[in-house]
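Thanks for coming, everyone. I'll keep this brisk. Please have a look at the screen.

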Amino acid sequence: MPEGHTIHRLARDLNAAFGGQKIHASSPQGRFEAGAAKLNAQICDEFEAHGKHLVGHFATGDVLHVHLGLIGKFRRAKGEPVGAVRLRLATADVNWDLRGPMVCDLGSPELADKVAASVGPDPLRPKANVDAFVAAMQRRRIAVGAALLDQKVVAGIGNVYRAELLFIAGIDPETPANALDESQVRDLWDLAAQQLRLGEKLNRIVTVDPALGGHKTPRSIPAGERLYVYKRQDEPCRVCDSPIELLKVAARKMWRCPNCQGSGATQHRSSKKKSPTKAHKK
DNA sequence: TACATATGATCAT
DNA sequence: TGATCCTATGTAA
């Protein structure tokens, strides 16, 4: 579930539910009992997101740090907690249940700064430092597909968005990060901001242009048609019909269209044997 | 029932 | 690069 858009949306929803209110906290599962006991009956000031990290501020100065990891979820719930609920935050009106987080810690105020400093610029944060992103990209020889997953390079992009963004940008994921033009890098940033913002708004990842499928809005695109390449190996590219390829980049699955993203590997059969590997637009 | 898989990240080798 | 942790879900057996 969780890439940066999820966490920003979560911060927003949790603020609506708990901001400025006295909350009830518990750990039905028991693995966060001490933390929950400290939080219980406190006033919640606000939640914020730094990439995939969620940070909650409480009136006494206590800071809650949550990272959902691969499988964590933090969702509204009704009735008694079911299953392994690490943390339940509640008011008289609503409950939110946290399960399976990679991180759920309570700390002092400086924890918030520590978390913020642990990641690179986050395109969803208003004061994000684009230049830091550009500099980080230009400093790395690793594949751009790997660089986008590095949270110190850019915070909030995960395996779905890296594949989708590079497709939209028409960039082969195996291109070295430092081989991109500065303008390409800046465009990538803008694209990431735009796509993640849409994801936050919809509370789901939708990257395809609705017009492609004859849809009115991104919201109206049916499941299974919302992404260009992610998990679509061997299926036809939504733009050019070439079969989508599956590859590994940074030890994770990656998908690309060999035609739209000029892999340099499999070009059209029509291209001569001696086709230049570096014929991309510059 | 069991196993594979998942939108993450860390640590060991 | 591989093992590992967290939990839920979908598919195979």
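Predicted model: local features only at pLDDT ≥ 70, side-chain atom pairs only at ≥ 80, totals over all residues.

Which polar backbone atom is 3.4 Å from a phosphate oxygen of DNA strand B? The one that belongs to N159.

Residues are numbered from 1 along each chain as its sequence is written, chains are lettered from A and ligands numbered from 1 in the order in which they are written, and side-chain values use heavy atoms, with hydrogens and water left out.

Chain A first. It is divided into domain 1, residues 4–117, and domain 2, residues 130–280. Those bounds come from an automatic or database domain assignment. The C-alpha centres of domain 1 and domain 2 lie 32 Å apart. Nine residues of domain 1 are in contact with 15 residues of domain 2. Contact here means heavy atoms within 4.5 Å.

Now the DNA, starting with strand B. A residue is near a strand if one of its heavy atoms lies within 4 Å of it. How many residues surround DNA strand B? The count is 18, and the closest are E3, K52, G158, Y230 and R252. The residues of this surface divide into eight nonpolar, five polar and five charged. The classes are simple: Ala, Val, Leu, Ile, Met, Phe, Trp, Tyr, Cys and Pro are nonpolar, Asp, Glu, Lys and Arg are charged, and the others, Gly among them, are polar.

Two elements each supply at least two residues of the surface near DNA strand B: α6 (159–169) and β10 (252–256). Helices (H or I, at least four residues) and strands (E, at least two) are DSSP runs, numbered from the N terminus.

Which part of DNA strand B faces the protein? Of its atoms within 4 Å of the protein, 62% belong to sugar or phosphate, and the rest to bases. Back to single contacts. A polar contact is a pair of N or O atoms within 3.5 Å; within protein, one must be able to donate a hydrogen and the other to accept it, and residues adjacent in sequence count only if both atoms are side-chain atoms. R252 places a polar side-chain atom 2.8 Å from a phosphate oxygen of DNA strand B. L70 uses a polar backbone atom instead, 3.1 Å from a sugar or linking oxygen of DNA strand B.

Next, DNA strand C. Around it sit Q29, R31, I71, A84, R86, R99 and G100. By class, that is two nonpolar, two polar and three charged. Of the DNA strand C atoms within 4 Å of the protein, 56% belong to sugar or phosphate. A polar side-chain atom of Q29 lies 2.3 Å from a phosphate oxygen of DNA strand C.

Two threonines now. T91 lies in the loop between β6 (87–90) and β7 (95–99). Buried or exposed? At 16% relative accessibility, T91 counts as buried. Buried means under 20% relative accessible area, exposed over 50%, partly exposed in between, with a 1.4 Å probe and protein chains only. The T91 side chain reaches the backbone nitrogen of D93 at 3.0 Å.

T207 is in the loop between α7 (182–202) and β9 (245–249). It is buried too, at 4% relative accessibility. A polar contact of 2.5 Å joins its side chain to that of E164. Leaving aside neighbours within four places in sequence, T207 is in contact with residues including Y161, E164 and R226.

What about disulfides? A disulfide is a pair of cysteine sulfur atoms within 2.5 Å. By this rule the count comes to zero. C240 is in no disulfide; the nearest cysteine sulfur, that of C257, is 3.6 Å away. C240 is partly exposed at 25% relative accessible area, whereas C257 is buried at 0%.

Last, backbone angles. Most residues other than glycine have a negative phi. A41 has a positive phi of about 70°. It sits in the loop between α2 (33–39) and β2 (44–50). A250 also has a positive phi, about 60°, and lies in the loop between β9 and β10. A41 is partly exposed at 42% relative accessibility, and A250 is partly exposed at 45%.
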